[in-house]
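Please open the model in a viewer and keep the sequence at hand.

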Amino acid sequence: MRYLFILLFVPITLSAQFFESESQIVYGINLGTHISNNKTGEFYDGFYNSPYNIDWMLNNSNNSSNNSLVNILDQRLNTNWEMQNTPAQMKYRPGLEVGLHAGIQKERIKYYIDYNIAEIKAVGEFFFVAVSSNSNLIDRDNILATIVGEERRSFFNIGLISELKSEDEYHLGLPFFFQINQTKFKNNYLVVENQQYVIPNPALTLNNQNNVDQVGSSFGLGTGIIGTISLNESINLSVAYHFQYSNIKITSVFNQSGFQHSLIARIIWNKE
C-alpha cells in the first residue's frame with residue numbers, strides 16, 4: 001500500500017516547474033499588433049471639429065489645396081454635386097505594436113513592466129455624387145472619398161503574471177496589469193483621386209491652416225493569457241493576448257472608453 005501511494009502521488013508532488021528560479025531578472029522585446037476600439041474613430045470623421053471640417057474645406061476659397069479639390073469635383077461631377085453617407089463610419093485597422101519588457105520572474109509569479117508603442121489608423125469612406133434632376137436615376141456619377149486619421153499610442157503596462165499551468169515544455173500564465181496610456185494625434189486627411197487634403201483637426205485658426213499636435217493621457221486595466229516555451233537555456237518565447245479596458249484621450253475635451261486588444265510575441269532573455 002505504501003508503494004502504491006508513492007507511485008500515485010510522488011510524480012504529482014515532484015512535477016517539474018517551467019520556471020525554477022526563486023527570483024530572476026528578465027528582459028525582452030515585444031512585437032505584435034494592436035486592435036483599437038472604434039469609438040475614438042469619430043474624432044477623425046471630418047465633421048467632428050466644427051466649424052473647421054470638410055464643409056469648411058469645400059467653401060474656403062483662401063486655400064489653394066481646397067480649391068484644387070473643388071475643381072476636381074466640379075470637372076468630374078459637372079459643378080453640381082453633394083456629399084453622401086456622411087459622416088463616414090470610421091474603423092481602426094490593426095496597427096503595429098512594438099516595445100520593451102522587463103520583470104522579475106519567480107517560480108509561480110512574475111512582476112513586470114512593458115512599454116509599447118502602436119501606430120494606428122482610423123479609416124472611413126463616403127461619396128461625392130452628382131445632383132440630377134431625374135429623381136428616378138439610381139446610379140449617379142460619384143467619386144469615392146476616403147478619410148484617414150493617424151495617431152500614435154504609447155502604453156505603460158505594470159502588472160503580474162500568475163501561473164495557470166507549468167510543465168517542462170511550456171508555461172501558461174494569467175496577466176493582470178494597470179495601464180497608463182498616451183495618445184498623440186498625428187494627422188487627419190481626405191483622399192480623393194489619389195490626392196491628399198488635410199482636414200483641419202483638431203485645432204485651427206484662420207491664420208494657421210495646419211493640424212496642431214495634440215497629446216492626451218489616461219488609464220486602463222487589462223488581462224489576457226500568455227503562453228511561454230523555451231528556445232534555449234537563457235531565451236524564452238512568449239505569445240500574449242491582452243484584453244484591456246481603457247480610456248483613450250486624444251484632446252483635453254475628447255476621450256472615449258472601450259475594450260482594446262493586443263496580440264504580442266515576446267522574446268525574453270534570462271539574466272544569469
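Strands, as named here, are DSSP runs of E of at least two residues, numbered from the N terminus. The model is predicted.

**First stop: an enclosed space**

Two cavities of 30 Å³ or more are present in the structure. For the second largest cavity, select His 34, Glu 97, Phe 155, Asn 157, Gln 179, His 242, Gln 244 and Ser 262, which form its lining. The space inside the second largest cavity amounts to about 30 Å³. Which strands each supply at least two residues of this lining? They are β5 (142–166) and β9 (235–251). Colouring the lining of the second largest cavity by class will show one nonpolar, six polar and one charged residues.

Next, select Leu 164, Ile 225, Val 239, Tyr 241, Phe 243, Tyr 245, Phe 259 and Leu 263; together they make a nonpolar surface patch of about 720 Å². Two or more residues of the nonpolar patch come from each of β9 and β10 (254–270). Strand β9 gives the largest share, four residues. Tyr 245 is located in β9, and Tyr 245 counts as partly exposed because its relative accessibility is 43%.

Side chains of opposite charge can pair when their charged atoms come close. Over the whole structure, eight salt bridges are found.

Select Arg 266 and Asp 114, whose closest N and O atoms are 2.8 Å apart in a salt bridge. This pair links distant parts of the chain, with Arg 266 in strand β10 and Asp 114 in strand β4 (residues 109–130), 152 residues apart. Are these two partners buried or exposed? Arg 266 is buried, with a relative accessible area of 2%, and Asp 114 is buried as well, at 1%.

Continue to Lys 186 and Glu 119, a salt bridge with its closest N and O atoms 3.0 Å apart. Lys 186 belongs to strand β6 (residues 170–192) and Glu 119 to strand β4, 67 residues apart. Lys 186 is partly exposed, with a relative accessible area of 34%; Glu 119 is also partly exposed, at 31%.

Then select Lys 121 and Glu 150, whose side chains meet in a salt bridge at 3.8 Å, N to O. Here strand β4 holds Lys 121 and strand β5 holds Glu 150, 29 residues apart. Lys 121 counts as partly exposed at 37% relative accessibility, whereas Glu 150 counts as buried at 18%.

Definitions and conventions. Residues are numbered from 1 along each chain as its sequence is written. This is a predicted model: local features need pLDDT of at least 70, side-chain atom pairs count only at pLDDT 80 or more; totals for chains, interfaces and linings use all residues. Side-chain values use heavy atoms; hydrogens and water are left out. On a 1 Å grid over the protein atoms alone, a cavity is a set of points where a 1.4 Å probe fits but cannot get out, and a pocket is an open set with protein on both sides within 12 Å along at least five of seven lines; lining residues have an atom within 4 Å of a point. Grid points are joined across faces, edges and corners, and a volume is the space filled by probe spheres set on the points. Ala, Val, Leu, Ile, Met, Phe, Trp, Tyr, Cys and Pro count as nonpolar, Asp, Glu, Lys and Arg as charged, and the others, Gly among them, as polar. Patches are made of residues with over 30% relative accessible area and no salt bridge: like charges are joined within 9 Å, nonpolar side chains (Val, Leu, Ile, Met, Phe, Trp, Tyr) within 5 Å. Accessible areas come from the Shrake-Rupley method with a 1.4 Å probe; for residues, only the protein chains shown count as cover. A salt bridge is a side-chain nitrogen of Lys or Arg within 4 Å of a carboxyl oxygen of Asp or Glu. Buried means under 20% relative accessible area, exposed over 50%, partly exposed in between (1.4 Å probe, protein chains only).
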